[in-house]
Amino acid sequence: MIHLFSYLHLPRRHLAHTGHDSSFQSRSSATHLSLPIILLSLLLILFCSTGLLACGGTASSSNTLLFGAPISLTGSTATEGHLTLEGYQLWVKEVNAHGGIKVGNTTYQVALKYYDDGSSPTRSAQLTQQLITADKVNFLLGPYGTSATLQDEAIAERYKIPMVEANGAAKAIFSRGFHYIFGVLSPASEYAKVMLEAALSLPTPPQTVAIISANDSFSEEVATAARDFASSHGMEVVYYQTYPSGATDLTGVLTALKTSAHGGVPDMLLGSGHESEAVTTMKECKQLNINAKLYAFTVGPATPDFITSLGPDANYVLGSSQWTPQERYQGIDFFGTPANYERIYKQTFGHEPSYQSAESTAAGLAFQYAIQNAGSIDPQKVRDALARLNITTFYGVIRFDATGANTFKPMATIQIQNGQVVTVYPKEIANAQLLYPTPPLSQR
Amino acid sequence: MLVLAVRSLPVRRLPFHREVSAMLIAQVIVNWLLLGSLYAAVALGFSLVWGIMNIVNLAHGAFILVGAYTAYWAFTQLHIDPFLGLPLTMLLLFCLGWVVQYVAINRVIRAPFLVTFLLTFGLDLLIADVVQLLFTSDRRSINTAYSGFGLTLGTLHIPFDRLLAALIAVLLTAALSLFLQRTRTGNAILATGMDRDAARLMGIRIDRIYALTFGLGAALAGAAGAMLVELYPFDPSQGGVFTLRAFVIVVLGGLGTPWGALAGGLVFGLAETVVPLLPGIGPGYDDAIAFALMVLVLIFRPRGILGKAFYA
């Protein structure tokens, strides 16, 4: 083919795609041009597969119980997903270190098989299916977040494999009449309530509150419960607005909020959403010079990222927490107390545990005691044992109502003070006073 | 209408005391102009690459990501302010864009549209994964000493950092426009965009022009990223969001001139800041509104608001 171009002084790839050389072009694109594509695709495959290979899991032998979980290790809830994974891993490590789970005369070691669902609920459901059918897991631990849990629980129900989830709190999860789903965490309605109670316990409580919420089912459920609770307890809800879940800019909502309390800024701003939106809200409040007396977010302040991304602006912010290391429970499990859990967790991972980690560990504990009580690894018997479970652990009471929700455990209110998370409510377990009012954001 | 009516019931509307609402309208307009200009910066490089090379660069968001993380890294490690470090970030991204173009994209430039689509999609995954390997998936954010500063007139507040970002965005648009119109190299880029073969016959090195164009596109994406990371929290999964936005903005504004990106950015910003505050419409609809606008533009003015047949 080269001779065709001998009369041209230009290098081959500079040739125009005109009539006389089109035959060459079409062939060369198949041979000459495809190499980089092949190389790139190989690289891509390599990258995609390392994502999967990185996922753990030991081959299940006859004396190993395999627990499966799809977790969001990348994507919008990657931070929370990693904390969830660490919680599961710590339980696996400790239960094996303490001799495994004893069922009758057999002792089982525990192994975890997990995949990254990329924060996509649909992917999470596919992976749940894969865990059950291809990996043949014995039991399922939950994914991170309500949306994914809603998808996955349907798969668990279809295959009649019990799932104990630790990171989906919406009522919707437990109102579908499913029998194989159990959640160790307090339900969504508690998230905002505990912070509003903390605010109302102040000598001069906030009079007006603005509630903004992401429009996913969990956040909206929290926000509606918050609105009802606030208005029935003498606080005026001057602004209530939902925004698209995962919004990157909230200036529109915050601008409207700024003059909502009879022309002024409301005393309290309550955000019901996710960590990224909580950080965005705080950043934009500062940019737009919005100074409420109290900022509270249902999800966000309890995660370490919140403090590192906001620096001093994170101070004074309230958060609700499923669990804090300051709580005083005397558990029957090998962690025993929240303080001891914190110590072991720090030794293992080098940073403080968040409530996401603690509740994930608790999900493992629920399985551990249910399997022991059942005296069997039969999914149906373990399910029945879970339904009857009533234990106190380092995480608090684990006991499920008829729908599978743990309505027996209270939540706590935390506040960030000097870059540290402290518990401020309920008073019995608080290790610091609630600081109020918040100084203006520009004076930090 | 029924849906809107039902939806508006529980939502408390803005208080319409006259003074307050006048200030509110002023604030909303300020928000709109600032955000719209910032969106112009997000789409500028995308528009250039698409207009000149006819490549829908799906890796655009990844370049924004690299820009954001470069600025973050420079701020935390070297204590360079994101705005002052902008030339540095742009230079780095220019080199990255140049190399990517010269090594990978130049080889498939004449292949069917789908091949460049796939290649840039692959690059997007690759770059985003590398960023995640280096910086983890943790959310990052820059807090400068002057964040929170601004001009205050009554309840009207103009944040300093957003104003600066918007000004830089307009400046970049003007600079790109001048560069393309007034300089020899710029004219060569335009000529290549109009007719590749004729441009080659005039002695223009097409591969170099393409590498330069792609480098410029990446540099502009980097600038947008550096400004975004100062204003919003950032994580490696966000590249795709900005690619999609750049795409909508360019379709809205039209190819063919850098000012098209600004026009598109302002229209997109309108859908995100002003329209959601109108009675009966909540912020939940902003994406729907932006895409509805895009469909309308495609039906009634397929070239976009300021679009021309050629990038000129």
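**View 1. An open sheet of six strands in chain A, with mixed pairing, has the order β2-β3-β1-β4-β5-β6.** Two strands count as paired if DSSP finds at least two bridges between them, and the strands (E, at least two residues) and helices (H or I, at least four) are DSSP runs numbered from the N terminus. At the edges lie β2 (101-103) and β6 (181-183) of chain A, each of which pairs on one side only. From one strand to the next, the twist averages 30°. The model is predicted, and local features need pLDDT of at least 70, side-chain atom pairs count only at pLDDT 80 or more, and totals for chains, interfaces and linings use all residues. Residues are numbered from 1 along each chain as its sequence is written, while chains are lettered from A and ligands numbered from 1 in the order in which they are written.

**View 2. Strands β1 (residues 64-71) and β3 (residues 106-116) of chain A run parallel and are joined by eight bridges.** Within this pairing, A:G68 stands opposite A:K113 in β3(A). Helix α4 (residues 121-133) of chain A packs on the sheet and touches β1, β3 and β4 (139-141) of chain A, where contact requires C-beta atoms, placed from the backbone, to lie within 7 Å. The direction of α4 makes about 165° with that of β1(A), with axes fitted as lines to C-alpha atoms, for helices over the stretch in contact, and angles running from 0 to 180 degrees between N-to-C directions.

**View 3. In chain A, 17 residues of domain 1 are in contact with 16 residues of domain 2.** On the domain 1 side, the elements giving two or more residues are α3 (78-97), α5 (146-159) and α6 (171-174) of chain A.

Methods: Two residues are in contact if their C-beta atoms, placed from the backbone, lie within 7 Å.
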